[in-house]
Amino acid sequence: MIKRRTILAAVAASPLAGVLMSETATAADLANTIYLTLPFGRVTIVLRPDLAPLTVQRIKTLTGQGFYNGCEFFRVIAGFMAQTGDPTNTGTGGSSLPNLPAEFTTQASFLTGTLGMARTNDPNSGNSQFFICFAPATFLDDKYTLFGQVTEGMEFVDQIKKGQGQSGRVTDPTRIVTMELAA
C-alpha cells in the first residue's frame, strides 16, 4: 500500500510539479480576478481580500449577479479618479444589500489603478459604488477602503470620458460593457 506522503513526495520531485503548482496558483489568483470590459478594451483587476475581505466578497457577489453591467462612470475627475457602480447613474444609488463597515488599511496606498469603495461622509456607508484612481491619491489612505488593483488595461481606464468641474459630472458617460469574475 502506498502512503499519501509518498505520493506527494513523488509529485513534488517530478518535472510536472512546477506545472501543477503554477496551475494551482493561477486558479487561486483567478478566484480574485475580475475582467472589466470597457468600450475600448478589457481591464484586469486583482482583488485584495487580504486588505478588505468584506468589500471583496461584496464586489464578487454583485459582479456575479451582473449588477455592474451597463453602469456608467458618472463622476470622473481628470487626474484623480473615475466612479461607477450606481444602477441609477445618479451617484445616490446602490445595491439592495446592506452597507459595509469600513475596512481602512495602512498596509497599501492608493496609487495609479487602485480601486476604492466610494462612500458618503459616514465611513460605514460603502455599498456598491467604487472608483479607480487615474494617478496616486495617497491622501485617501486609511480613509477609504482599498480593495483592488488594475494589473492590465490601465490604458483603457485612461480613456474613460472625463467630467466637468469639481463635481466631475459626466454628460454622455462611458459605460461598463461587462464586469465578470475570471473564475
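**Ground rules.** I am working with a predicted model, where local features need pLDDT of at least 70 and side-chain atom pairs count only at pLDDT 80 or more, while totals for chains, interfaces and linings use all residues. Residues are numbered from 1 along each chain as its sequence is written, and side-chain values use heavy atoms, with hydrogens and water left out.

**Entry 1: the sheet.** I looked up the strands (DSSP runs of E, at least two residues, numbered from the N terminus; helices are runs of H or I, at least four). Eight of them make an open sheet, in the order β3-β4-β6-β5-β7-β2-β1-β8, with antiparallel pairing. I noted β3 (75-77) and β8 as the edge strands, since each pairs on one side only. Two strands pair if DSSP finds at least two bridges between them. From one strand to the next, the twist averages 25°; axes here are lines fitted to C-alpha atoms, for helices over the stretch in contact, and angles run from 0 to 180 degrees between N-to-C directions.

**Entry 2: β1 and its partners.** How many bridges join β1 to β2? I found six, and the two strands run antiparallel. A hairpin through two residues connects them, and T37 has R42 as its bridge partner in β2.

Next I checked burial (buried is under 20% relative accessible area, exposed over 50%, partly exposed in between; 1.4 Å probe, protein chains only). Six of the six residues of β1 are buried, so the strand is largely enclosed by the rest of the structure. In a regular strand the side chains alternate between the two faces of the sheet. I could list both sides: T33, Y35 and T37 on one, I34, L36 and L38 on the other, all buried.

**Entry 3: β2 and the helix.** Strand β2 covers residues 41-47 and pairs with β7 over four bridges, in the antiparallel sense. V46 sits opposite Q149 of β7. Then I followed helix α3 (residues 53-64), which lies across β1 (33-38), β2, β5 (114-117), β6, β7 and β8. Its angle to β8 is about 115°.

**Entry 4: T174.** This one is in the loop between α4 (154-157) and β8 (178-181). Is T174 buried or exposed? T174 is buried, with a relative accessible area of 7%. Leaving aside neighbours within four places in sequence, I found T174 in contact (heavy atoms within 4.5 Å) with P39, F40, C71, E72, F73, I160 and K161. A polar atom of the T174 side chain lies 3.0 Å from the backbone nitrogen of K161.

**Entry 5: G163.** I stayed in the loop between α4 and β8, where G163 is found. G163 is buried too, at 18% relative accessible area. Not counting residues up to four places away in sequence, G163 touches V76, G168, R169 and V170.

**Entry 6: D141.** I found D141 in the loop between β6 (130-133) and β7 (146-152). D141 is buried yet has no salt bridge (a side-chain nitrogen of Lys or Arg within 4 Å of a carboxyl oxygen of Asp or Glu). Which side chain of opposite charge is nearest to D141? I got K143, 8.3 Å away; Lys and Arg count as positive, Asp and Glu as negative, and His and the chain ends are not counted. The D141 side chain does make a polar contact with the side chain of S109, at 2.7 Å. Such a contact is a pair of N or O atoms within 3.5 Å; within protein, one must be able to donate a hydrogen and the other to accept it, and residues adjacent in sequence count only if both atoms are side-chain atoms.
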